[in-house]
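I opened this notebook page to record what I looked up in one protein model. The entries follow in the order in which I made them.

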Amino acid sequence: MAKKKTKFICQSCGYESAKWMGRCPGCGEWNQMVEEVNIVGKQPRHSFQHTDPNHQSKATSITSIATKREPRVTTQMKELNRVLGGGVVAGSLVLIGGDPGIGKSTLLLQVSAQLAKTEQKVLYISGEESIRQTKLRADRLHVSSPELYIYAETNLEAIHLTIDEISPQFVVIDSIQTVYHPEVTSAPGSVSQVRECTSELMRIAKTKGIAIFIVGHVTKEGAIAGPRLLEHMVDTVLYFEGERHHTYRILRAVKNRFGSTNEMGIFEMKESGLTEVENPSEIFLEERSKGASGSTVVASMEGTRPVLVEIQALISPTSFGNPRRMATGIDHNRVSLLMAVLEKRVGLLLQNQDAYLKAAGGVKLDEPAIDLAVAISIASSFRDQPTRATDCMIGEVGLTGEVRRVSRIEQRVQEAAKLGFERIIIPENNLGGWTIPGGVEVIGVKTVGDALQQIF
C-alpha cells in the first residue's frame, strides 16, 4: 500500500527538509519552504537513457568513438542562429527566460512558423492560452503553416501521447511552470513539478531526437523561477532582455553546449512581431548628443560581433559625506577602480565628486576593453570638456595607469570606420600586424595620461 510522506521543499534552491523552517539552510532565503506530499510505493517513472532502451550501453574507449558534426537546422532569424551557435541542434533542450511581456512567446511562435515552412512538423504547446487565443496572436504576427500544430494542454502525460501521435521535429512548451506531472502531488510550478517535467522532456528530446524549446518564468531578481537544477539539465539557456517600454530586445546565451556563450542577438519589437537588427551600432549611437561633455564611444565585442556603444558620465560635486557611485550597464566596482586610477595617476580630484555612468541603449558591457572609454568620459565630464564626435576609444586600463592590449582590434577598428569615425585611440601594443582602413587615423597610447593629452 502506498504511503504518504510529507516534506518541505525550498522554492528557490530545491533544499528538502522533514520540518518547516523560516530560513532555508541551502540558499538563505526566507519563507520559501513549501509543504509537499510525496507518495511512496507508486510505479517508478522511466529513467533517462541516451541510447535505444532495447540495447544495453557499454563503456567505450574514447579513441574508438567515431565523431560527426551535429546537423543544425537554420531559421530565417540570423540573430537567433548566431546565439544558438549556428542553428537548432536535433535532440537539444533549449530554455528561454525573460520578464513578462518581453516577447518570449512571440519569438517562439515566429520561429515555429519559420521551421514549419521548411516542411518539418512543429508542435506548439501552450499552457497559458487557449487554441483560439494562440490563433489570434498568430494572425497578428501573420503566422500560418499547415505543418504548425497548436495544442493547449498542461498534463505531461497527454503531451507525451500527442508527441508520439504527431511525431514532430520541433516542440515548444509555453511554459514549463504551467506543466504538471500527474504522479507528482505538488502544485504546477513547484520545485518538484519543474524538476520532474524537465527530466521527462529531456528524456523525450534525447531518445526521439526532437528539439524542444521551453519557456521559463523569471523571479523578481531576474533569475529563472524554479530550482537551479533546471538550468543544469538543459543544453542551452537563453535570456531575453530589454525594457518593456522600449522596442529593442537583446537575446543572450548564458549556457550553450553547442556554441559560444558570448554571442548576442538584437531584435526590435514592432506591431507585426520581432524583427532583426542587423547593425546594432547605429541604434546605440543614433541619439547621441554632439558637443556634450562626458560622452564617449567604445567598440566592444559581443562574442564575434563588434558593437559600438556610447558611454555617458556625469560628475558633479557631492552634497553628502560619502560621494555616490552609480552605474547602469557597467560594473560598479570597475567605475570605482578607474576613478581611483584617474585620481592617483592623472591628478583629477574625484574624491568629493558624485559619479553617474551609463551605457546607452540598455546594453550591458563587461569586457576590459571599455576601460579607456569609461576613464575618458569621467575626465570629460569632470573638466566639462566634450570629446570630438568622431573619436572612438578602445583599451584596458591597469592600476598603474597603463593602457593594455585588447583582442580583435582589427574588427573593432573596421566597425568604427564603417560608421564614420575618423580618429581611434587604441593601446600602443596593438599597433602593427594588421591593415588600417582608409580615412581613419589610429593613435596608439601607453598611458591614460597620454590618451587625455591626445583628446583634450
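**A parallel pair and its sheet**

I began with strand S9 (residues 170–174) and strand S10 (residues 211–216), which pair in the parallel sense over four bridges. The model is a predicted one. Within this pairing I noted phenylalanine 170 opposite alanine 211 in S10.

I then traced the sheet to which both strands belong. It is open and has nine strands, in the order S8-S7-S9-S10-S6-S11-S12-S13-S14, with mixed pairing. Strand S8 (148–152) and strand S14 (273–276) stand at the edges; each has a single partner strand, so one side of each lacks a neighbour in the sheet. For the twist from one strand to the next I recorded an average of 25°.

**Helices H4 and H5**

Next I looked up helix H4 (residues 156–166) and helix H5 (residues 191–208), whose axes come within 11 Å and cross at roughly 10°. Angles under 35 degrees count as roughly parallel, and H4 and H5 are therefore roughly parallel to each other. On the H4 side of the contact I listed Leu156, His160, Ile163 and Asp164; on the H5 side, Cys197, Glu200, Leu201, Arg203, Ile204 and Lys208. By class, this contact has five nonpolar, one polar and four charged residues.

**The whole chain**

The C-alpha trace spans about 80 × 55 × 55 Å along its principal axes. For the accessible surface I noted about 22,700 Å², of which 48% belongs to carbon and sulfur atoms.

Conventions
Residues numbered from 1 in each chain as written. Predicted model: local features only at pLDDT ≥ 70, side-chain atom pairs only at ≥ 80, totals over all residues. Heavy atoms only, no water. Pairing = 2+ DSSP bridges. Helix = DSSP H or I, 4+ residues; strand = E, 2+ residues; numbered from the N terminus. Axes fitted to C-alpha atoms, helices over the stretch in contact; angles between N-to-C directions. Parallel < 35°, antiparallel > 145°, perpendicular 65-115°, else oblique. Contact = heavy atoms within 4.5 Å. Nonpolar A, V, L, I, M, F, W, Y, C, P; charged D, E, K, R; others polar. Areas by Shrake-Rupley, 256 points an atom, 1.4 Å probe, with all protein chains shown as cover.
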